[in-house]
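Work through each task before you read its solution.

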Amino acid sequence: MLRKSNNFIVIIIITITAIGISACLHEEKDAAVEQASTAKHIQPKWIIPDSSELTGNDNDQLIKYGRALVVNTADYFGPKGSIAHVSNGMNCQNCHLNAGTKLFGNNFSLAASSYPRYKERSGAMETLVKKVEDCFERSMNGQEIDSNSREMKAFVAYLEWIGKNVRKGTKPEGSGIEELAFLDRPADTVRGRAVFVSKCERCHGKYGQGTINPGGRDYAYPPVWGEHSYNIGASIYRLSKFAGFIKNNMPFGSDHKHEQLTTEQAWDVAAFVNSRQHPYKNVTSDYPQLSSKPYDDPFGPYSDKLFSENQRKYGPFAPIKNHYPSPPVEAAK
Ligand code: HEC
Ligand code: HEC
């Protein structure tokens with residue numbers, strides 16, 4: 001009897017200690033979670049360099065030229081360009097708003113600090129030069145420009161200058177494109193068409209063709225599908241990039257504090273626009289390591305047989321993303 005009650009006490013002591021330890025562990029975990037979320041909230045602010053600091057020296061001239069190339073790309077490289085005819089008539093700024101300085105407007109805050117870096121899409125180290133070439137070939141549905149040209153040096157000088165206040169490894173608030181919450185259903189092209197008609201068509205046109213400026217050199221409203229649009233190898237052809245971009249920026253005049261689309265509308269209209277015809281690009285050599293394909297890469301083959309090409313294009317994306325223990329690093333462009 002005595003023995004029994006001794007055992008009982010021992011068991012109680014063990015239980016109390018176990019509860020104590022597990023409570024401590026929980027506390028530790030909660031503290032870690034809290035720390036992570038505060039870190040998220042105190043993302044550094046992006047201090048955008050002021051162009052009035054640019055004096056007349058050669059490098060400053062190059063930076064200014066780079067900015068002009070980003071803003072008025074078509075004037076130099078479009079179908080009626082003064083230097084070469086190698087791009088589709090769009091400007092870099094059509095997708096990198098305010099010359100790549102707008103918060104959540106697909107800005108260039110990270111370009112300087114994060115290149116050269118390994119890119120999953122090419123399976124190689126990439127420099128900013130390669131990145132700019134990629135944009136010409138995909139987003140601008142064109143050809144590479146001479147990598148030794150003054151123009152390429154100017155693009156790179158501008159990108160390096162605009163991102164110079166960002167420390168390597170940090171990510172300022174509002175950089176790039178926002179990652180939207182996923183829908184728990186596939187994005188819906190039928191609902192998306194209705195959003196397009198009511199909120200996009202007046203500028204981008206009934207056939208997504210955009211509106212060309214008088215003189216025909218560039219667009220007042222750039223095309224969103226059809227032969228003059230970005231091709232299927234462009235990052236904006238991925239649904240998450242398109243939806244995140246327009247949520248904070250379209251209809252034109254919106255920003256992250258004045259959004260005009262709900263998250264659902266953004267995904268649905270993205271599905272509608274990217275289901276329309278876009279120029280072809282051979283993307284079979286992209287992502288040499290199949291397991292590094294982003295969850296919304298719409299072209300197989302994939303490293304798993306669990307999710308169809310259709311689900312990769314339209315979602316639902318959560319099951320795909322959650323399937324990979326460490327989700328593939330985003331492959332920018
Ligand atoms: C008031 C006119 C207007 C409306 C409405 C509008 N846009 Fe735009 N959109 C623009 C302009 C102008 C640009 C280029 C911005 C620049 O160059 O600064 C643009 C750029 C874009 C781009 C990137 C460039 C391209 O053509 O691929 C996409 C994608 C886009 N808009 C999608 C949409 C969608 C989707 C809607 C509806 C939800 C929409 N826009 C509504 C004017 C508009
Ligand atoms: C049709 C839209 C579109 C056009 C036009 C476009 N881009 Fe992009 N660009 C993107 C998207 C989308 C990304 C990927 C952003 C991401 O992954 O979050 C990107 C990424 C980039 C990046 C990498 C940013 C980073 O932080 O990794 C650079 C640099 C860049 N573009 C430069 C250019 C230049 C220069 C031009 C013109 C020659 C151009 N882009 C034209 C859509 C476009």
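**Exercise 1. Find the face of helix α8 that is turned inwards.**

Keep in mind that this is a predicted model. Start with helix α8, residues 189-199, and look for its buried residues: they are Gly 192, Val 195 and Phe 196. Next, look down the axis of α8: its buried residues fall within an arc of 100°, so they line one face of the helix. Finally, find the partners: the buried residues of α8 pack against α9 (201-204) and α11 (263-275).

**Exercise 2. Work out where the largest nonpolar core lies.**

Begin with its members. This core has 64 residues, and Tyr 158, Ile 246, Val 269 and Ala 270 touch the most other members. Then ask which helices contribute: among those that supply at least two residues each are α2, α3, α8, α10 and α11. Helix α7 gives the largest share, 9 residues. Last, compare with the domains: domain 1 (51-162) and domain 2 (189-323) both give residues to the core, so it lies between them.

**Exercise 3. List the contacts of Ile 246.**

First set aside the neighbours within four places in sequence. What remains for Ile 246 is Leu 261, Ala 266, Val 269 and Ala 270.

Terms used. Residues numbered from 1 in each chain as written. Chains lettered and ligands numbered in written order. Predicted model: local features only at pLDDT ≥ 70, side-chain atom pairs only at ≥ 80, totals over all residues. Buried ≥ 20, exposed ≤ 12 C-beta atoms within 10 Å, placed from the backbone. Helix = DSSP H or I, 4+ residues; strand = E, 2+ residues; numbered from the N terminus. Arc of directions from axis to C-beta. Contact = placed C-beta atoms within 7 Å. Core = buried A, V, L, I, M, F, W, Y, C linked by C-beta atoms within 7 Å. Domains from an automatic or database assignment.
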